[in-house]
Amino acid sequence: MTDRVRLEIGDGIAVISNDHPDKHNAFDDEMDVALFDILAELRVRSDVRAVVWRGEGASFSSGRDVSAIGANTTALTHHQLMARGHRGIQQLFDLDAPIIAACHGWTLGGSFQRALLCDIRIASTGARFRLPEVGHGVIPDTGGVARLYQICGPGVVSDLVLTGRVMDADEALAHGIVSRVVSPESLDDTAMEMAERIAAAPAATVSMARRVIGRLAEPQIRASMEDELIGQTYINRSDDFAEFRAARADGRAPRYTGS
């Protein structure tokens, strides 16, 4: 297993660290597998009462390496790869312990969506959020758009998805995407203080509260991910996506047909 996604557990608190700072913690396939294995372990760890998910270096995560978008270097089909990703990240819903995502620097693309699937998001001043997928010829496909829709409605979601613009920490706070904005120096400490407060409460109570809140949101998110699986598979085989890649390679304007 790669050490670019690390798990540390102590005093009832698990800390997941994205540790690929040279690439702003951009995720590759090996890191995905490591993350999913960590979540599988946390599903069965009754001693874990709260989880903090953070990043080393300058960013929480810059999402997926751009060179991997539309390219599949695994033995899995595109459809199988997406299905594996959905199963892997949906393990977040199965934990008894709440997950706090501590976002700083860039939180982009699939990593932004994964943070959205956590129970709580906090950010440092200067943090930036973005969903750039449409600009790369694909759609967001990790379930976070459904949670974003639940938080701030169709207008903000459409703006972020269709334009790919950057949202800063203050705007994210105003929309309720993050619940707190703190100084960069305080981010890890604040996340740990929150986790310690959660871990100090009765475990059964926290688990049940998380379940009640989760049941309000998860059916819509799971349904959206099923739509994403179909939509992204179609896009990957579409004439327009082939033209997008060809035009990029040739340095010319694309000629889209809508098919």
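Helices (H or I, at least four residues) and strands (E, at least two) are taken as DSSP runs and are numbered from the N terminus. The structure described here is a predicted model, in which local features need pLDDT of at least 70 and side-chain atom pairs count only at pLDDT 80 or more, whereas totals for chains, interfaces and linings use all residues. Residues are numbered from 1 along each chain as its sequence is written, and side-chain values use heavy atoms, with hydrogens and water left out.

With elements assigned in this way, Asn-25 falls in the loop between E2 and H1. The phi angle of Asn-25 is near 60°, which is a positive value in a residue other than glycine. Burial is expressed through relative accessible area, where buried means under 20%, exposed over 50% and partly exposed in between (1.4 Å probe, protein chains only). Asn-25 counts as buried because its relative accessibility is 0%.

Strand E2, which spans residues 13-18, has six of its six residues buried, and it is therefore largely enclosed by the rest of the structure. Ile-13, Val-15 and Ser-17 point one way from E2, while Ala-14, Ile-16 and Asn-18 point the other way, and all are buried. Two strands are said to pair if DSSP finds at least two bridges between them. By this criterion E2 pairs with strand E1 (residues 5-10) in the antiparallel sense over six bridges, and Gly-10 stands opposite Ile-13 in E2. E2 also pairs with strand E3 (residues 50-55), in the parallel sense and again over six bridges, with Gly-55 in E3 as the bridge partner of Asn-18.

The connections on either side of E2 can be described in turn. E1 and E2 form a hairpin with two residues between them, and Asp-11 is found in the loop between these two strands. Phi of Asp-11 is near 55°, a positive value in a residue other than glycine. Asp-11 is classed as exposed because its relative accessible area is 81%.

Contact is taken to mean heavy atoms within 4.5 Å. Not counting residues up to four places away in sequence, Ser-62 touches Lys-23, His-24, Asn-25, Ala-26, Trp-106 and Leu-108. The C-alpha atoms of Ser-62 and Ala-172 are 17 Å apart in space, the two residues being 110 residues apart in sequence.

Thr-142 occupies the loop between strand E7 (128-130) and H4, and is buried with a relative accessible area of 11%. Leaving aside neighbours within four places in sequence, the contacts of Thr-142 include His-86, Ile-89, Gly-110, Gln-113, Met-225 and Glu-228. Gly-176 is placed in the loop between helix H5 (169-175) and strand E9 (180-182), and counts as partly exposed at 38% relative accessibility. Gly-176 and Cys-152 are 24 residues apart in sequence, with a C-alpha to C-alpha distance of 7.2 Å.

Open space in the model was examined on a 1 Å grid over the protein atoms alone, a pocket being an open set of points where a 1.4 Å probe fits, with protein on both sides within 12 Å along at least five of seven lines, and lining residues having an atom within 4 Å of a point. Grid points are joined across faces, edges and corners, and a volume is the space filled by probe spheres set on the points. The second largest pocket has a volume of about 340 Å³. It is lined by 17 residues, of which Cys-118, Asp-119, Arg-210, Ile-213 and Gly-214 are the closest to its centre. Strand E6 (120-124), helix H4 (144-163) and helix H7 (203-236) each supply at least two residues of this lining, and H7 gives the most, with seven residues.

Arg-210 itself is found in helix H7 and is buried, with a relative accessible area of 11%. Apart from neighbours within four places in sequence, Arg-210 is in contact with residues including Leu-92, Phe-93, Asp-96, Pro-98 and Asp-119.
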